[in-house]
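Visitor: I would like to learn how to read a model of this kind, feature by feature. Please show me the structure and take me through it.

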Amino acid sequence: MLKLFSGTGNPDLSQEVAQLLKISLSASEVVRFENSEVRVRIEEDVKNDICAVIQPIANPTDTNLMEMFLFCDALRRQEAHKVIGIIPYFGYARQDIQHREGECVSISVIIRFLESIGFNKVYTFDLHDEATSGVFSIPFKDLTSLNVLANDVKKTLGKSFNRDSVVVVSPDQGGIERTRNFGRFLYGDDYFSVSVIEKKRDLAHIHQSGALNLFGDVKDKVAILVDDIITSGGTLIHAANLCKEKGAKKIFAAIVHHDLSIKAPPKIQESAIEKVFTTNTVKLKPEYNFEKLHEVSIASIIAEELKTFKNV
Ligand code: R5P
């Protein structure tokens, strides 16, 4: 039998998935002590059940991560048959190599924890670098929300959408493949070109980057910037400014995860970007919401995946 648990990271998303699966969320208790320790308790029988836990590793990142580890431990102790981790947003995924000598590789540490605590399978969405999937030695699947984002963008553009008037733009060199994948969903084929911005990071200072150059033609077109994550908004805003400078008519953004810093929403709201299409992999706290942000749900993608475990 499939049992679905929710961490405190994004209970609305978990609830939506449960409704789509026509099951109730299973009972658990998450207690936070005054010294910030957390305790997780499973409050129903899970012996021999397949148990899935939905928990994004998003701000508060470490707190949510620890909760995820503790869910797995509690389920194992109650003799669950399998524990499946659904991590819609995989915080720390950007720390996937030593960007500078002497740095830790955080994502590798987290994967080792997930494996050794006893997860049988892990799912995520649009992982920062697909090569990270090779670090897992347990079954792992990277789901994508680019199709639902592309549909949403297309619906908004309506009749004005045609391949000559719309261009997809990667705001950095590392995002070309992601932007192409998004474009395939948007245009329905492979016959389009991706414009690319050369981004320069300042590795010695956090959240600092600049857009140096744009390769491709955005003049008089609707430019759609495609990225996996917004945090400070710097990447996106610099890219939008450059598109505008090069003559783009309108600028939209399609970004999977809004793992926002608190200063980002007003800056994006004031920017040249008309609308930010994003998903609910991360719970949107009211203080991070802004008018231009438009969320689409990934619940049906998770539910579809979990259906395969429902009748096991
Ligand atoms: C970087 O490689 C990522 O794909 C994002 O472009 C970046 O992390 C976004 O961060 P920020 O909004 O702080 O520029």
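Visitor: By class, how many residues of the shell around the ligand are nonpolar, polar and charged?

Guide: For the classes, Ala, Val, Leu, Ile, Met, Phe, Trp, Tyr, Cys and Pro count as nonpolar, Asp, Glu, Lys and Arg as charged, and the others, Gly among them, as polar. Here the shell has 7 polar, 6 charged and 2 nonpolar residues. This is a predicted model, in which local features need pLDDT of at least 70 and side-chain atom pairs count only at pLDDT 80 or more, whereas totals for chains, interfaces and linings use all residues. Residues are numbered from 1 along each chain as its sequence is written, and side-chain values use heavy atoms, with hydrogens and water left out.

Visitor: Which residues are the closest to the ligand?

Guide: A residue is near a molecule if one of its heavy atoms lies within 4 Å of it. The ligand is surrounded by 15 residues, of which Arg201, Asp227, Asp228, Ser232 and Thr235 are the closest.

Visitor: Which element gives the most to the shell around the ligand?

Guide: Helices (H or I, at least four residues) and strands (E, at least two) are DSSP runs, numbered from the N terminus. Strand E11 gives the most, with 4 residues, and strand E9 (194-201), strand E11 (222-230) and helix H6 (234-245) each supply at least two.

Visitor: Where is Thr235 placed, and what is it in contact with?

Guide: Thr235 belongs to helix H6, and its side chain makes a polar contact of 3.0 Å with that of Lys199. Contact means heavy atoms within 4.5 Å, and, leaving aside neighbours within four places in sequence, Thr235 is in contact with Pro171, Lys199, Ser209 and Asp227.

Visitor: Which peptide bond is cis?

Guide: Most peptide bonds are trans. The bond from Asn59 to Pro60 is cis, with omega near 5 degrees, and Pro60 sits in the loop between strand E4 (50-54) and helix H2 (61-77).

Conventions. Polar contact = N/O pair within 3.5 Å; in protein donor to acceptor, adjacent residues only side chain to side chain.
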